[in-house]
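Please look over the sequence and the model below before reading on.

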Amino acid sequence: MLRARHCACLLLLSFLAVAGCAAPRPESGAKSYPLEGTVVEVDPANRKITINHREIPGFMPAMIMPFVVRAEDAALLDIVSPGDQVTARLVVPDTRYWLEELVVVKPGTPDPNATARPLLHGLHPGEALPEVALVNQAGEAVHLSDYRGRALALTFIFTRCPLPDFCPRMMNRFAEVHDALVADRELLSRTHLLTVSFDTEHDTPEVLLAYGRPFQKTASPFSHWELATGTEEAVRALASALALDYYKEEGSFAHNL
């Protein structure tokens, strides 16, 4: 299973799914950052490489996450293997990002004792989600049963996600849906949005309150779209039921999509 210790966020609605990142030529004014790390996985068919990288000062902490390379650099992935230590340049012009100047500085070998975590399949359509207790951005207890009778759109994030194409993009997509729903009185009464953080240690109600407010400008904040967290046990139970697997590693998160 491809792991990305990014600001991993999962979106459960197909009409909000994130498209793959295109990798065009560099653009003038695009921000770029030097990257160093160890290769975890190589996916030449999709021009992707997963790297356990060091901290990128001024941009993001050390994480394990996938990166795309440009089409003209795709051949580089044929000479890179898991365990190799590499350097590259991370280019972030807007909501996209890609690697350039990928270089193997020290060949390596993958851990022969490493084993993949089992895939989670989640519930089948029609099965009930676990009735876990969560806490919203106001510190109020919430349960999924509180939304019974309404269509509930649910997504997972963590607020320290730095890349614009992951959690921030999920939040922006939900903001678009939120604006459309609050503009239709009938839909407003029949729907609700819920964003759950799996960073249960850092993302307190106070953090979620500050993080979520700027995304809600067309209605009273959090009246129709709540942000929530909970105990590790509660969030883990809900995530597992929806096939989201995540685990903490070296101060951040590895997770599936």
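What follows describes a predicted model, beginning with a sheet and ending with one histidine.

Five strands form an open sheet, and their order across it is 4-3-2-5-6, with antiparallel pairing. Strand 4, which covers residues 63–68, and strand 6 stand at the edges with a single partner strand each, so one side of each is left without a neighbour in the sheet. From one strand to the next, the twist averages 40 degrees. As a general point, strands of a sheet pair through backbone hydrogen bonds, in either a parallel or an antiparallel manner.

Strand 6, which spans residues 98–106, runs antiparallel to strand 5, residues 85–92, and six bridges join the two; here glutamine 85 has its bridge partner in strand 6, namely lysine 106.

Elsewhere in the chain, histidine 192 has its place in strand 10, which is made up of residues 191–197. Is this side chain's residue buried or exposed? Histidine 192 has a relative accessible area of 4%, and because buried means under 20%, histidine 192 counts as buried. Leaving aside residues up to four places away in sequence, histidine 192 touches Tyr147, Arg150, Ala151, Leu152, Ala153, Ser223, His224, Trp225 and Glu226. With one of these, histidine 224, there is also a polar contact, in which the backbone oxygen of histidine 224 lies 3.4 Å from a polar atom of the histidine 192 side chain.

Note on methods:
Residues numbered from 1 in each chain as written. Predicted model: local features only at pLDDT ≥ 70, side-chain atom pairs only at ≥ 80, totals over all residues. Heavy atoms only, no water. Pairing = 2+ DSSP bridges. Helix = DSSP H or I, 4+ residues; strand = E, 2+ residues; numbered from the N terminus. Axes fitted to C-alpha atoms, helices over the stretch in contact; angles between N-to-C directions. Buried < 20%, exposed > 50% of the residue type's maximum accessible area, 1.4 Å probe, protein only. Polar contact = N/O pair within 3.5 Å; in protein donor to acceptor, adjacent residues only side chain to side chain. Contact = heavy atoms within 4.5 Å.
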